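Biologist: I have a model open and would like to learn how to read it. Where do we start?

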Amino acid sequence: NRRFLLVRRPQGEPVENDFRIETSPVPAPPLGGIVIRNRFVSLDPAQRGWMDDAESYMPPIALGDPVRATTVGVVHASDNPDFAVGQWVMGLNALEDYSVAMPGGFTMAIDVDAVPSPSNYLSALGAVGLTAYFGLVEVAKPQPGETLLVSGAAGAVGSAVGQIGKIMGCRVVGIAGGEEKCRRLIEDYGFDAAVDYKGKDHEALVAAIAEAAPDGANMVFENVGGAVMEAEVFNLAMHARIVLCGLIAEYNSEEKIGIRNLWQILARRGVLHGFLIADYADRFAEGGAQMAKWLSEGRLRADEDVQEGLENAYAAFMRLFSGANTGKLVLKIA
Ligand code: NDP
């Protein structure tokens with residue numbers, strides 16, 4: 001059983017020596033528990049936060065433990081009548097070949113025959129799709145004709161948010177890094193306008209967003225924070241709703257300084273709403289069914305960036321921070 005351990009807390013950007021791969025015997029199922037052979041592992045920006053010894057919604061990953069991750073896999077051994085050997089499951093486990101899971105945890109059975117790839121339960125039908133769905137529909141509450149501004153727009157969450165915004169009848173403006181990602185926003189995901197944040201200073205970014213969203217943004221779906229968000233707040237319509245979903249621009253910075261220019265939110269009577277997908281756990285079936293329906297109708301496109309091999313976990317994870325990932329980043333480990 002190869003396990004990708006966190007052995008040192010990253011200072012700023014993670015380096016390879018913050019991690020180590022250890023091999024240990026395949027575990028046996030504990031009383032009432034199961035052992036899962038993980039096939040696909042989700043690589044998420046949130047894992048970077050769990051590596052810090054910081055106050056959050058979850059305890060940090062302990063040093064010497066494998067990196068916590070959502071996985072999709074097959075029951076390898078079972079001491080639980082609800083989970084037969086060979087059953088596909090997903091759950092919050094770790095970056096390792098085999099995970100032990102106990103009943104009452106997050107483990108749930110999944111129907112892989114209903115989807116093109118089991119990895120879809122880590123992307124459109126998993127936390128990413130549900131984050132986009134509940135964050136936009138339940139928190140921002142889009143109205144037809146409103147302008148929705150999305151940062152990290154070409155990523156897994158952002159691309160889904162923008163497409164759902166279009167389904168809801170909004171004008172959708174995305175912010176992403178680079179010309180190619182901006183082209184994909186328009187051509188692949190149907191956004192109305194795209195802004196490349198790279199190579200622009202504050203004034204230029206404020207102006208570029210203003211050109212793409214001349215009436216201001218009624219909603220902002222925030223995945224990035226930092227300089228991008230500092231420019232967005234100068235482009236808010238009155239009473240704008242900002243869904244604070246992620247702040248990836250800060251995850252590797254040792255000093256968490258946050259955005260300046262909060263005054264712009266006050267002046268426009270904006271609402272800043274912190275959002276965590278875990279709060280919607282009792283409605284996942286409902287959100288998943290809606291996402292599955294849109295996908296099957298061809299109204300949603302969900303790209304995945306599937307990297308291979310547990311031994312490549314570090315390099316794969318860093319794609320999130322270089323922006324190399326084109327869609328939901330997933331590691332196939334078996
Ligand atoms: P993505 O697929 O969007 O990948 C991350 C992207 O972030 C990169 O491709 C890159 O795109 C962009 N990025 C990385 N570093 C920076 C930077 N310094 N400045 C600006 N952009 C940067 O990942 P996800 O869709 O999985 O996650 C997106 C956001 O959603 C994250 O902030 C994550 O923490 C958050 N999230 C929150 C949840 C919640 O419950 N609140 C649940 C799930 C995700 P580019 O090339 O455009 O720079």
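Modeller: Start with the inventory. This is a predicted model. The protein chain holds 10 helices and 15 strands.

Biologist: How compact is the protein chain for its length?

Modeller: Compare its radius of gyration with the globule rule. The radius is 20 Å, close to the 20 Å that the rule gives for 334 residues, so the chain is as compact as a globular protein of that length. Along the principal axes, the C-alpha trace spans about 60 × 45 × 35 Å.

Biologist: What percentage of the residues count as buried?

Modeller: Burial is a neighbour count: 20 or more other C-beta atoms within 10 Å. Of the 334 residues, 47% count as buried. Contact range is another thing to read. Take contacts between residues at least 6 apart in sequence: 65% of them join residues at least 24 apart.

Biologist: Into which domains is the chain divided?

Modeller: Domain 1 covers 2-123 + 303-332, and domain 2 covers 127-278. The C-alpha centres of the two domains lie 28 Å apart.

Biologist: Now the core. Which residues touch the most other members of the largest nonpolar core?

Modeller: Ala160 and Phe221, in a core of 97 residues. Helix H2, residues 127-140, gives the most to this core, with nine residues. Both domain 1 and domain 2 give residues to the core, so it lies between them.

Biologist: Which residues is Ala160 in contact with, leaving aside neighbours within four places in sequence?

Modeller: Ala124, Val128, Gly129, Ala132, Leu300 and Ala302. Three of these names return in H2, where Val128, Gly129 and Ala132 are among the buried residues.

Biologist: How many residues of H2 are buried?

Modeller: 12 of its 14 residues are buried, so H2 is largely enclosed by the rest of the structure. The buried ones include Leu130, Tyr133, Phe134 and Val139. Check the backbone just after H2 as well: Lys141 takes a positive phi of about 50° there.

Biologist: Next, the ligand. Which residues are closest to it?

Modeller: Read a site as a shell. Here 31 residues surround the ligand, and the closest are Gly155, Ala156, Gly177, Gly246 and Gly323. By class, the shell divides into 18 nonpolar, 11 polar and two charged residues.

Biologist: Which helices each supply at least two residues of that shell?

Modeller: H1 (45-50), H2, H3 (156-167), H6 (226-232), H7 (248-251) and H10 (313-322). Domain 1 and domain 2 both give residues to the shell, so the ligand shell lies between them.

Biologist: What does Arg184 touch, not counting residues up to four places away in sequence?

Modeller: Ala154 and Tyr189. Look along the chain too. Arg184 and Thr326 are 142 residues apart in sequence, and their C-alpha atoms are separated by 9.8 Å.

Notes:
Residues are numbered from 1 along each chain as its sequence is written. This is a predicted model: local features need pLDDT of at least 70, side-chain atom pairs count only at pLDDT 80 or more; totals for chains, interfaces and linings use all residues. A nonpolar core is a set of buried Ala, Val, Leu, Ile, Met, Phe, Trp, Tyr and Cys residues joined through C-beta atoms within 7 Å. Helices (H or I, at least four residues) and strands (E, at least two) are DSSP runs, numbered from the N terminus. Domain bounds come from an automatic or database domain assignment. Two residues are in contact if their C-beta atoms, placed from the backbone, lie within 7 Å. A residue is near a molecule or strand if its C-beta atom, placed from the backbone, lies within 6 Å of it. Ala, Val, Leu, Ile, Met, Phe, Trp, Tyr, Cys and Pro count as nonpolar, Asp, Glu, Lys and Arg as charged, and the others, Gly among them, as polar. The radius of gyration is taken over C-alpha atoms; the globule rule is 2.2 Å times the number of residues to the power 0.38.
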